[in-house]
Structures are given as structure tokens and as C-alpha cells.
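Trainee: Hi! Could you walk me through this structure?
Mentor: Happy to, here it comes.

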Amino acid sequence: MVASPHTEKFAACLRMLKDRSGRGYDRLGKEAGVSGSSLHRYCSGLSVPADYRVVHAFAKVCGASAEELRELHRLWALADTDREAGPAPDDVTPPENTPDGTGRPRPFRMPEKLSSRSAVLAAVAAVLLVAGFVWLPGGSPDDASSASGDKVLDSPACKSVSMGQHDECVREVQTLLVRAKGTLAVDGDFGPETLRRLTAFQVLAGLPATSAADEATKKALYAQKASMTTWSPAEVAKRIRAVFVEDPGTAVAVARCASFLDPLYVLPNSNGSRNWGVFQISDARLRELDGTPRRAFDPDWNIKAAHRLWSVRHDFHDWPSCQAALKDSPKS
């Protein structure tokens, strides 16, 4: 199997962390809760884990910093997108669906004629860029600024803004999220951080979490229908210590590992589910706790819900990845 450029970059980052740790695959796998052979495949670029929690656990036992964890998540999201899309047509010999190394059938691929047409469009775009024009799909170069009401997102070029996009449409979404008190960089690049903040805004605004700036979301952004103001990490840590009186240091370390103490942290999984808030409570756990994503963004509710989960066995079994990494995390 030929790895995509995104997969190769992701694998290179994993190898760097592994080499820096000075430990072997089997030992790292035991500490991260995954087999050594699986880690070897990931570090070699032969496959991409479907669940980011595996990556997070591996990085934590390797001593990755918060900055490195964010970059690794970005690389995983791009590699995971490539994995879901499947290999290019000339990388596949049989026409039927076959295993692709992930244990699942190979996803449906676009017919050859459509792929060729896409290649032609890409070539035309390159020519326009060389000529000094800015080409945006779905409209003319002026579309992003000449839409009705001078709202960039009303432009035909910004019909839907989603993961992997890099243009002025994304920059406008990011600017509006910052205006709503979201914390993220305004760089025109729709990556994992923009996805997290957009998802949080949608939930807080009472909209479906579609992972894209659809029409309803664009209207809500311009109307500023939700504020993303929330607790600071220091306030979160203080409340965790007050609730987890039995083991406050470990509780703070687990929360820091799970969400960087960010009450609006969202982690999407490849199966469509998500983890929410300070303690990254999963969709399944939310249902058991009679909660909702919006309720999970309330740090006080999230921390108390996590304590209810802890109380079942008086341990942090619901956060196995972070438990394995606790020795590498400061308990403060």
C-alpha cells in the first residue's frame, strides 16, 4: 500500500516521538493500551488508527507537549480523511472492494471519468493562479466580496465551508467564531481546531453539529446567536479539585490529558461519535448520564458527571488512555 503524503507526515511525527522516547514498540504499546505491532504499522505509515484516542495515548506516554499533541491531532485528521477516501485509482488493482489494512472494506471510489475531469479542473485552477487570478470554486474571483449585503459567507463561493478547505470563506468563519469569543487562529485553514470551535458554536446555538458551516450556521454566526465565553483552565482545575476531593491531583491530570482543561473541547471519532467537554464524555456516556452535548459544555456539570463515573469503581477506568499516561503528566 502506498501511503498518502498526509499519512507519511503523520507517521513521521509518530516515529519522531517514538525515537525520542528511547523505548521499543512493545513497551510503548503496553503503556498506551495498544499492541506493539499496531504501533509499528502506524509509525511505518502502513495504516492509520480509526480512533484518535490511540494516538493521544501513544503521544502522552512518549512525553509529547501540548503543542505537539495539537499538531499530531491535525496530522491524524488529514491522514484519517485520506484513509476514508481510499487510495487513488492507480493504486488499486482489483475493481471490487477489498481490505485496505484497516480491517474494513475499501470505500467506494469515484469512477475514472469523474477523476479525470477533476484533474482537468485542477490543472485549469493552477493556470489561473499562475496568471495572477484567485480562483474559487462555484463563482468568480469577486464572489467572496460582492455577495448580497457584502457578507462573505453569502457568496456562491462559500456555499459550504468544511474540513480541509483553505480560503477566504474559512477565514470569515474563523473571524466570526473569534467574535463569538472562540479561541482559535484566523489563518484561513479549516483544520481540527476550527472544526472543534465550529462544532461548539453550533451546539451552543442550538443547531445540529454538522461539522461544516452550512446555511443555518452562517446565519447564526452573523447574528452572533451564541457566546463561547467559558471558564479558564485555572477555574476548571480549581473546580475539579473541589469535586474530586478523594484524588484531586489525578483528576486534574486526567482532565488536562483529555481536553487541556478546555470546557468547549470536542474530539470527533471516525465512527461519527464525539467526546465532549472537560472530561471528554462520549456520546454513549452522555446518554447514560441523561446529558446532552450542550450540557457537557457546562464545566460544572461535566466535572460532576465525571465524578459520577469515577464513583462506580473509585478509579479512572473511563479514561484508560490518560490513566496510562499519568506518570508523564504533572498532577497539579
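Mentor: One term to begin with: axes are lines fitted to C-alpha atoms, for helices over the stretch in contact, with angles running from 0 to 180 degrees between N-to-C directions. Also, this is a predicted model, where local features need pLDDT of at least 70 and side-chain atom pairs count only at pLDDT 80 or more, while totals for chains, interfaces and linings use all residues. Residues are numbered from 1 along each chain, and side-chain values use heavy atoms, leaving out hydrogens and water.
Trainee: At what angle do the axes of α1 and α4 cross?
Mentor: The axes of α1 (residues 5–21) and α4 (residues 52–61) cross at roughly 30° and come within 9 Å. Helices here are DSSP runs of H or I with at least four residues, and strands are E runs of at least two, numbered from the N terminus.
Trainee: Which residues of α1 and α4 make the contact?
Mentor: Phe 10, Leu 14, Leu 17 and Lys 18 of α1 meet Val 55, Phe 58 and Ala 59 of α4, where contact means heavy atoms within 4.5 Å.
Trainee: New topic: why does Asp 262 count as buried?
Mentor: Because its relative accessibility is 15%; buried means under 20% relative accessible area, exposed over 50%, and partly exposed in between, using a 1.4 Å probe and protein chains only.
Trainee: Where does Asp 262 lie?
Mentor: Asp 262 lies in the loop between α11 (248–259) and β3 (266–268). Leaving aside neighbours within four places in sequence, Asp 262 is in contact with Arg 197, Gly 277 and Val 278.
Trainee: And how many residues of α8 are buried?
Mentor: Twelve of its 13 residues are buried, including Arg 197.
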